[in-house]
Amino acid sequence: MSPTSSNLRTVVVDGLWRNNLTFVQLLGLSPLLAVTTSAVNGLALGLATTTVLLVTNVVISLVRRVVVPAWRVPLFVLVAAALVTAIDLLSNALFDDLHEALGLFIALIVANCALVAQAETVASRRPVVESALSGLATGLGALGVLVLLGGLRELFGHGTLFAGMPMLFGSGAAAFTLNLHLSGMLIAVLPPGAFFGMAALLAVRARLTQPRAESPR
């Protein structure tokens, strides 16, 4: 495997798992805990976050050689704010019900420290392909956690899974809804359920990444 391929593979693994935005860096927890009452809410916010990270990284990487150092951070925030505003307006126009469910948490994407961190440590220092891949992997890593936590809370809270898919993909997506006919637990979709669910996911990840003790000889 060439050094370039190896480096790109490291970037992907870091974004998806090893340095996951929410599991490891613990950034963007406010929208994560507030929005994930269902899998579709987590999916929608995850897609928006991934889009912003990807496009921001590409734009910053393209102009990195001509940006005055003193204006780096304001430029990062300006680019992210423009993208978030466009996504917010677009979702309001095309996905009104979903936009109402997500509320102001789409706009709060711009306040996520991960955007500035990605722009500063990756996009402003690396080529376009590597920056784009890093943004995409980081966004998909966050999206996975959002969908997983939202799915767990929806499953234990309502006894359904992907119940709101028509809000995002149209009426034809209703076939993807799983109704498990469970009574559900109200606490799962209340704020404490978000903390319990996140704690459980963090515990599982810690267990999976825990170094295995060598067996005694």
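Leaving aside neighbours within four places in sequence, T138 is in contact with G15, L21, L53 and Q118, where contact means heavy atoms within 4.5 Å. This is a predicted model, in which local features need pLDDT of at least 70 and side-chain atom pairs count only at pLDDT 80 or more, while totals for chains, interfaces and linings use all residues. Residues are numbered from 1 along each chain as its sequence is written, and side-chain values use heavy atoms, with hydrogens and water left out.

T138 lies in helix α7, residues 128-158. Helices here are DSSP runs of H or I, at least four residues, numbered from the N terminus. Because its relative accessible area is 5%, T138 counts as buried; the cut-off for buried is under 20%, with a 1.4 Å probe and protein chains only.

What does the side chain of Q118 make a polar contact with? The partner is the side chain of T138, at 3.2 Å. A polar contact is a pair of N or O atoms within 3.5 Å; within protein, one must be able to donate a hydrogen and the other to accept it, and residues adjacent in sequence count only if both atoms are side-chain atoms. A polar atom of the T138 side chain also lies 2.8 Å from the backbone oxygen of S134.

Q118 belongs to helix α6, residues 113-123. Its relative accessibility is 10%, so Q118 is buried too.

Last, the rings. R205 lies over the face of W17, 4.6 Å from the ring centre; the criterion is CZ of Arg within 6 Å of the ring centre and within 35 degrees of the ring normal.

How values were computed
Helices (H or I, at least four residues) and strands (E, at least two) are DSSP runs, numbered from the N terminus. Buried means under 20% relative accessible area, exposed over 50%, partly exposed in between (1.4 Å probe, protein chains only).
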